[in-house]
Amino acid sequence: MSDKSQVRWQVRIVAYGVVIVLSLAVLELASYAYLRMFEGYDGTHLMNYEFDDYKNIHPTPGYSNTHGIYHNRQGFRRKDDTPKDKPINTFRIFLMGGSTAYGLESQSRYGKKKYGVIRNDETIDYYLEQYLNERISSTRVEVINAAITSQQSHHHLIYLNQTILKYHPDMVIFIDGFNDYYPWEKGFDQFRDYAYQERAHLFMADPTIDALASYTGWWLFRKSHFIHVAAKTVRPIWISFKRLGNQHERKKMDVPIALENLTVNAEHNFLKMVARNSIILKQAGVVGVFTVQPEIVFDQSKHFTPLEQTILEEMNAEWPLNYSEYKNRAHQIVVKSMKQVTSDAGSTFIDLTDPFDGLNEDAYTDYCHLTPMGNKKLAEYLGHSILPLIKLGMN
């Protein structure tokens, strides 16, 4: 190869490199602008949760989405900071649970069109605080949203000791159910089988090419605006594609066996956690209130709207056959068990699975997450139930 040819190849390589870098820069800037204009991005926090040493994840402190989602510096879903020293003449309530208690947006491809964001002033804690303060004039009631998406009852055990009790609560309310109250797989272990453990196992186990590729993608998703937008765009398409490919693989549940497994799983998992959480709160002089959250699959008094009927059909087409039958029969077992364990441990149980009687508007945005009106009605139902406990605690 002549010297001139070699120079031309070197120039081409440099030119290609410049074009690639400039193209990536344009894509990165365009993605940044898109996130700012359409997704409520505050320019700092791409994700609303971060790694936690003990619970796997925790809401990102100081997170702000300009569409109306805020976390304070303590990582609670609240705009104002929460001092550890409780203000004088204040009854402080912490709301704990998973994504329903947090106020997550719809995960349904139908519900997302209407309920793509649930603002801070549309969550259960917001409406509950409002409801209680309208009925209690002598003392200010403070309801703090400490829920974390995907959390299970064993995480509450950790979070209470790690953080919550340091803020001197008078009452802690748990809104749970979907994440870990209904496992039908034989030998289920909530510590071992928690979904977010998969990523930790992948990254921390023996090094593999798959782990390297996955971690690189995860790092880019958290650091690159372009990769973040691209991944969020491609993911629902990929999920829809997988659904099409797996339609013929839907399994039919053996409901009696599933219920037998549930009964054993409950005893070895969430019922123990509920009892232990109750004991911790009782020893700390805090009122513990445990609930079972509503789900669209349950038989209930609400007359479903057209959107809710579509969501229910969507769910029934994707979950295992006989799933609705299983969940409704399992619900009876869970409620009976929860009543017993909370009674024995000295805490309070409230069944929240049918709070929407007479509501003609949408209450559900998907299988278990709620609309602003759904959150309001549930908060009023819950508030009515706990009002006597609060007044008793003030005396």
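Student: Which residue is the bridge partner of F290 in strand 9?
Tutor: F349 is the partner of F290 there. Keep in mind that this is a predicted model.

Student: How many bridges join strand 8 to strand 9, and which way do they run, parallel or antiparallel?
Tutor: Four bridges join strand 8 to strand 9, residues 348-351, and the two run parallel.

Student: And how many join strand 7 to strand 8?
Tutor: Six, and strand 7 (residues 171-176) also runs parallel to strand 8.

Student: Is strand 8 buried or exposed?
Tutor: Of its six residues, 287-292, five are buried, so strand 8 is largely enclosed by the rest of the structure. Buried here means under 20% relative accessible area.

Student: Switching to helix 4. Which of its residues are buried?
Tutor: S153, H154, H155, H156, L157, Y159 and L160. That is seven of the 10 residues in helix 4 (residues 153-162), which is mostly covered.

Student: What covers them?
Tutor: The cover includes strand 2 (56-59), strand 5 (90-97), strand 7 and helix 9 (270-283).

Student: Which residues line the largest one?
Tutor: The lining consists of G98, S99, T100, Q151, D176, G177, F178, N179, D180, Q293, C368 and H369.

Student: How many of those are nonpolar, polar or charged?
Tutor: By class, the lining of the largest cavity has eight polar, two nonpolar and two charged residues.

Notes:
Residues numbered from 1 in each chain as written. Predicted model: local features only at pLDDT ≥ 70, side-chain atom pairs only at ≥ 80, totals over all residues. Heavy atoms only, no water. Buried < 20%, exposed > 50% of the residue type's maximum accessible area, 1.4 Å probe, protein only. Pairing = 2+ DSSP bridges. 1 Å grid on protein atoms, 1.4 Å probe; cavity = no way out; pocket = protein on both sides within 12 Å on 5 of 7 lines; lining within 4 Å. Nonpolar A, V, L, I, M, F, W, Y, C, P; charged D, E, K, R; others polar. Contact = heavy atoms within 4.5 Å.
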